[in-house]
Amino acid sequence: MARIRTIKPEAFSSESLAAVSITAERTFFGLLTQADDHGRFRDQSAVIAGLLWSLRPEHGPIEVEDDLTQLAGNELICRYEGEDGKRYLHIVTFSKHQKVNRPSGVRHPNCPYHDGGRVPLTSPLAQGGLREASVHHPAPVPELAPTPHAASMIPIAAGQDDFSAPSVQHQQEVREPAASPHGPDLGPRIMDLGSPLGGASAPATPQTATAQKLVAEYAAACGKRPPEKVLGHVGREISKLLHEGIDPDHIRAGVDRMRLKSLYPSLLPSLVNEAMNPPQASAGARRAPQPYTNPVDAEAAYGGQL
């Protein structure tokens, strides 16, 4: 059931909305009227097209899917899968701009990214950014009692406010005692338990490839920027392939084949499969055809049938 919602004047000067097409902006405003009192709705392009674009037949499910892709890419909506296996979307700033008197109960599953603390793959936070809600403080190291051989030991200060990416685990640090009185005094040193001999820490985990990043690579490789509908179609196909767990390198190879041959984005799965499973050479090499020549002794060759 559609509901009465509020659109603030600031919406028309929003930089996020200005980054999407006019149709995507209209779809966004329409979703405000269709979402439940918590800003959630079923992620079904055909249903949304029927509710919001019924009198505009030229803007069907494919075009609405492009709208949703743009809105998700600019973090205006968040698309997720519920525990029931169905697809849902969540208007990210719904609770900030909509004041609902006596909201109804929960009709759709919570958004695992904004209601559960996880970071969506399409979000810049998932590309190595910082999220205050996921800060982990290192555990304080108790102060060590001084000994004759460690008189210059300095305890590690507790309560450090270091920010880290959500997937990075802090390594505890311990102080190594100062050098022996019989040797040169090198002062206290910090030993890193995660690297040999107190060396530099292991390199950070490489960033996870996302559909948005791969589409950006595809657009950059083109001589001129492809139309928005083409980019949206490519993004949907890449998202499906990533969801299947296919190696991003194979997807890149398929996208390169598609770009070089100017093929339709729907053929991308076949091109990725070609990159994953290249054609195998046959066991027996095929002999090249030989030109026909008349036999020297025609009577012997044809047995007197001429």
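**Sheet and helix packing**

Author: In strand 3, Leu89 is the bridge partner of Arg79. The model is predicted: local features need pLDDT of at least 70, side-chain atom pairs count only at pLDDT 80 or more, and totals for chains, interfaces and linings use all residues. Residues are numbered from 1 along each chain as its sequence is written, and side-chain values use heavy atoms, with hydrogens and water left out.

Reader: What makes strand 2 and strand 3 a pair?

Author: Two strands pair if DSSP finds at least two bridges between them; strands are DSSP E runs of at least two residues, and helices are H or I runs of at least four, numbered from the N terminus. Strand 2 (residues 77-81) and strand 3 (residues 87-91) have five bridges, in the antiparallel sense, so they meet the definition of a pair. Ile77 stands opposite Ile91 in strand 3.

Reader: Why are helix 8 and helix 9 called oblique?

Author: Helix 8 (residues 248-261) and helix 9 (residues 268-276) pack at about 120°, with their axes 8 Å apart. Axes are lines fitted to C-alpha atoms, for helices over the stretch in contact, and angles run from 0 to 180 degrees between N-to-C directions. Angles under 35 degrees count as roughly parallel, over 145 as roughly antiparallel, 65 to 115 as roughly perpendicular and the rest as oblique. Helix 8 and helix 9 are therefore oblique to each other.

Reader: Which residues of helix 8 meet helix 9?

Author: Contact means heavy atoms within 4.5 Å. His250, Ile251, Ala253, Gly254, Val255, Arg257 and Met258 in helix 8 meet residues of helix 9, among them Leu268 and Glu274.
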